[in-house]
Structures are given as structure tokens and as C-alpha cells.
Amino acid sequence: MTTVDLFALIFFLGCWFLFDSLVSGRFRPFSRRSLTEVMSIHRKRWMLNALTRDLKIIDTQIMAGLQNGTAFFASTSIFAIGGCFALMGEADTAQSLFQDLPLVAPSTRAAFEMKAGGLAAIFGYSFFKFGWSYRLFNYNTILFGSLPMMAETERDRGRAERLAARIAEVNIIAARHFNTGLRAIFLSIGYLGWFLGPYVFMATTAFVFMILLRRQYFSDARTTVIAALEGAEEMS
């Protein structure tokens, strides 16, 4: 690994850590909340609204959808890991294909296998995140079943709301792990640039980072979610 390769790898990991810090709220360079933070507020409102209905079929269907989506990405991560190991097994063939492309930096077989191994590590990380998220969503469904009926809620509204807040927190933690796993998959697209060279690696990483940053802070989806939150607050 050359010095430029090492710098590109540090740049990639730095962008990953910075984006995690931005989305989680540990670091706030902007005067606005991220899309993920706003959705966490909606999750809390969802659990509070569930207290107002005895039939919670819609809520359980939503939770089933969250679990199914998490399971899909966990399976996808497993297939991606298998693809990475297959790529390492055919390193000579794959490397010759890359070397035929224009503007590709020269590389050795050992370096190519190391890059493929790093890609497998990213997908392995995402699989563990999705797997834990799936389990947390499962726990969240069980906890959701402990929500009181409307009559019991009215007898002790404060206790019911505290219980709903705790259940919402488990849902938020599960979503946080899901988003972390999904972020790893997104950033793996930038990682692919390393197979073409360290400069391409940094360029693709910066490109993916800017796309993710825009979606979290400057997208139409965020504007709509904020408007929905403001509308809900006006109604309450």
C-alpha cells in the first residue's frame, strides 16, 4: 500500500465517522436537524398515538414491514460478502480487467486482495448491524404488545406515556442500527473507486458523502417530513 492509498483510506474512514457524527447529532455544524433526527421525533409521536386506539393492527403491520426490510438487507449483505470472496478467488482475472481500463493506477495481486477483503469487511459490518436491528425490531414488537388499552391509559395517562416513550426509544435504537448498516452499503459504492486508484477512491467517497449529506439536510424528503411534524404539532 502506497502513502497515497493510506491517505485515501484514512479519508474514507474520516468521511464515514464524520457523517455518523452529523446524523447522530454528536456534531452539529448546521443549524438544522437531520432527516434521521426528525424521523426519531415521528417515531415517538407514533407510539403516543398508538395509545389512542385499542385495535393496533396498523401498527403491527408497520412493524412487520420494518422487520422485513431489515431482513432483506441482512440477506443482501451475506450475498455481497460471498461475492467479495469470489472476487478474491479470481483476483488475477479481475485485476487484469481493471488494468485494461484507462487511468487505472497499477496494483499488485496482494493489494487487490486486500481491497476486496476490506470490501467484505464493510459488508460484514453492515450484516451485523442489520442482524441486531432485526432483533431489536422483534423486541420492539413484543414491547409494543404491552401497551395498555385506552381505558387503562385514561386511568393513568402519565404511566402509559412513559411506557410508550420507552418503547419508542427501542424503536429508535433499532432504526439507528439499521441506518448504520445501510450507510455502510452506500459508502461501499465509494469504496469501489479504490480498485481504480487512490485518487478515484477519494473522489467517489466525496461524491457519495455529498449525496448522503444532501439527503439528510437539504432534500425534499426532509422538507416534507419537517412540514408533517409542524402540522402534527399544530393539531396537538
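Hi everyone: buried means under 20% relative accessible area, exposed means over 50%, and partly exposed is in between, using a 1.4 Å probe and protein chains only. This is a predicted model, in which local features need pLDDT of at least 70 and side-chain atom pairs count only at pLDDT 80 or more, while totals for chains, interfaces and linings use all residues. Residues are numbered from 1 along each chain as its sequence is written, and side-chain values use heavy atoms, with hydrogens and water left out.

Let's start with charges. There are five salt bridges in the structure, each a side-chain nitrogen of Lys or Arg within 4 Å of a carboxyl oxygen of Asp or Glu. One of them pairs Arg183 with Asp20, at 2.2 Å from N to O. Arg183 sits in helix α7 and Asp20 in helix α1, so this pair ties together parts that are 163 residues apart in sequence; helices here are DSSP runs of H or I with at least four residues, numbered from the N terminus. Arg183 is buried at 8%, and Asp20 is buried too, at 16%.

Now, what about Glu154 and Arg157? Their side chains form a salt bridge at 3.6 Å, N to O. Arg157 counts as partly exposed at 30%, whereas Glu154 is exposed at 56%. Shared partners join Glu154, Arg157 and Glu161 into one salt-bridge network.

Glu152 also bridges to Arg159, with the closest N and O atoms 3.7 Å apart. Is Thr153 buried or exposed? Thr153, in helix α6 (residues 150-155), is buried, with a relative accessible area of 0%.

Conventions: Helices (H or I, at least four residues) and strands (E, at least two) are DSSP runs, numbered from the N terminus.
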